[in-house]
Each structure stands twice: as C-alpha cells, then as structure tokens.
Amino acid sequence: MPHSALAALTSAIADAHASAMPLRVEGSGTWLSAGRPVAATQALSTRELCGIIEYVPGDLVLTAHAGTTLGEIAHVTAQHGQWLALEPYASHDALDSGTIGATIATASHGPLALGAGRARDLILGLSVVTGNGTTVRAGGRVVKNVAGFDLVRLATGAWGTLGVIAQVSVRLHARPSIDETFAIAIDLPTEPEAHDRALAQLIARLNSAPLLATTFSLASLILLAHGAPTAVRAAHQLPDAPIVLLARATGNRTRVDAQRRALADIGPLSLVDTAVWRTIRTCDTGDTTLRITDAPLSSATTWRQADTWLAAHGATNVRTVLEPVRGAIRVSCASAVTPGASWSPPDRAIAERLPRGAWDAVPCAVNDRIAQRLREAFDPAGILNPGILGEASRVGAATTAR
C-alpha cells in the first residue's frame, strides 16, 4: 500500500506541475487553520502514505512514511521504552492523529523543546517529492550523517513548499525511569512596574548559576499565565495562582530528587500528574496564535510588550505559555481584527494562526533572493502550497511562460 500511495502521490504532483494546478498539501488535515491562506482548492493528502518503514531500537532511530501518525509512533516506540520527544502543540483531536510528515514540514514542537530539542534537532533524514514529481533524498538513518546539501533542515519548516515530505528518519530518546512534574504558585505584584520587576527577577534567577544547572537539565520548564492556569486547573490539581511554574523532571531517582530540591528554593512544590502536559499542548484558543522569542533575560520585557499589544488589539480569552530558559513566549487569544482595520503583529512575533484579514500585515517569510531561488529550483511552477509563506503566487506566471 505505501508503495502504491507513493506512486500515486508522485503522479499527482507531476500532473499538477504539467497543468500548473496549485495544490494544498495536507497531512491528516487537523491543522489547516495554521499558516497563511493557500491559493489552491485541490487538496493533496499524505494520509494514505503511512506506516513504519524501519525501527532499530538499539540505534534509537525510526524511519516512517510521512502519513504515519504521532500516535502510532508513540505506541510502537513505547514497547521498547522509547519515545519521539516532540509532542507538539495541537488541537485536542490531533494529539495522536497528527502526522510525522506535517510535524516536520511545519517544524512543530512543544514544551519538550528545552530538554529534547526541536524538530530540526531530531530529524536525521528525509525524502521529498519536489514540485515537478522528482523524488529527492537527503540525510540518512544514522546520527552522524551530515554530508551533502542540507535539504533536511531546509525542508523542516518549509511548509511543503520545497517538496512534499514522503518519509522521515528521526532520532528517539529512551523514556526516563522517573518522570515527575512539579507545580509552583508564583504570586507577583499586580502593579505593572512592580510586576515586571518581580518577573524579571524570577527569570534571572532561573537562568543564573547554580540554579541554571538544574533548570537547563529539566525536560520542560514553563510559566502559565493569563487564562492558561485556569484552563489547566480544570483538569489537573494546580495551585490556585494567577501564574504557575511547571517543571518536568526526568531521569533516575537521584537526579530527579536533586532537581526537586533545587526547585523547592523557588517556592512550595505540588506534585502534578504528568498528563498535564497533554492538556497544555491543547491550550491554544481563539483564532490567533503567536510565538515571540528573545534572549531569556529579556523575557519579562517581551511579555510586557505582548500584553500591551493584546490590550491594544482587544484580545480576549488570552492564554500565555512562557519558557523562561529558552526565552520563548506562546500566546493564543481571540483577536478583535476587523476587515480594513489597522493591524500589525508584535515585534519579533511569528504567527502560527491569524484571522484571514490579518495576514497582509505580516512580512513575507521568504522575501530574499536565496529563498526565492530555492523555491524556483524545487517547485518551478509554484504549485505546492502557494502563498502559505507570504510569497506571491507564481502559478500564473509559470503558465504564461509555457
């Protein structure tokens, strides 16, 4: 079945290239609200191209077809005490049904990025079907394979615009013998200036020696704010506080106990069911999701700037997740964007989801000549997800040229 599915996929792309038919590339179709609107009505799904090709537990490496779900990979690897430590943010229905191909194509990751890395850190090799129907392979199935043109990193996060991912090889992690999550209530002053000063002091403490040796070794460390603590508290026993620090400590008992003692200096710890992380991954709400990254010690200032932006744009149902050691802030909300209204994103913000009328204010992600030439080389007719990265469609121009 996978071989016939791959042949069908390749044929469909080659036919679309010949007729300059734009294609909307999809995995399981659970995250179509992300990214800019695509100038295509014809869908091309990889969901039939599924199944694990090779899994070598001793090498901590797995190769799968692009349509293989994260749930299937989790099930298979768990039998050998291993996991693919990505666990990206997703809708509740897509936690297990999202595909590995779409996860890599969108460079999606979740709270485990601190301890395990992001998609680019876990992908070893892949094959893609380019916009003219040619299959290209890059990377390999071993960790040390770094020779050749780095198409692996180019395709990771390219949203299918350089080619449709057909299969991937990923690096796995051994599941830790101990996996515990601790919650700490953070009580900050309500007055803005005092709030920002106290938050900056907390973030500086989390990033200073000797505590940094602990915080950096955690699997996850996040601050939940705005409506996020309330949303998570409904399903888990979190402290009743406007801001909650969550830490995921993994390893053997000696390591986890040491991490727990170090974290206890920040405040009283509450043990929380590790299932809380599945809930956090589904915390996005409304029609807008933004990611803002800055130097960790600038996180408090970045947070204030995001708050100012949210208030200025009438955002409601706000949920914020801050990773204080990575300096990454994830904000989701229901926006108040109206057609024709003046709108601009916060500084350094990367938009995952926006109302359709708001995308025009977001700069194009591929407006430099190098990126444009890459697109032209891998997708000459511009048929793969045209417009999703903000570039002007080349489908019409390609048709005219022929």
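Colleague: Quick one to start: is cysteine 50 buried, partly exposed or exposed?

Modeller: Cysteine 50 is partly exposed, at a relative accessible area of 34%. Buried means under 20% relative accessible area, exposed means over 50%, and partly exposed is in between (1.4 Å probe, protein chains only). Bear in mind that this is a predicted model, where local features need pLDDT of at least 70, side-chain atom pairs count only at pLDDT 80 or more, and totals for chains, interfaces and linings use all residues. Residues are numbered from 1 along each chain as its sequence is written, and side-chain values use heavy atoms, with hydrogens and water left out.

Colleague: And cysteine 364?

Modeller: Cysteine 364 is partly exposed too, with 21% relative accessibility.

Colleague: Okay, new topic. Where does histidine 195 sit?

Modeller: Histidine 195 is in helix H7, residues 192-206. Helices (H or I, at least four residues) and strands (E, at least two) are DSSP runs, numbered from the N terminus. Histidine 195 is buried, with a relative accessible area of 14%.

Colleague: What is histidine 195 in contact with, leaving aside neighbours within four places in sequence?

Modeller: Leu188, Pro189, Ile243 and Arg304, where contact means heavy atoms within 4.5 Å.

Colleague: Now salt bridges. How many does the structure hold?

Modeller: The structure holds 15, each being a side-chain nitrogen of Lys or Arg within 4 Å of a carboxyl oxygen of Asp or Glu. One of them joins aspartate 96 and arginine 278, at 3.4 Å from N to O. That pair links distant parts of the chain, 182 residues apart: aspartate 96 is in the loop between strand S5 (82-83) and helix H3 (100-105), and arginine 278 is in helix H11 (residues 276-281).

Colleague: Which residue forms a salt bridge with glutamate 352?

Modeller: Arginine 291, with the closest N and O atoms 2.7 Å apart. Glutamate 352 lies in strand S17 (residues 349-353) and arginine 291 in strand S14 (residues 288-293), so the bridge ties together parts 61 residues apart in sequence.

Colleague: Which residues are linked with them in a network?

Modeller: Asp284, Arg291, Arg330 and Glu352 are linked in a network of salt bridges.
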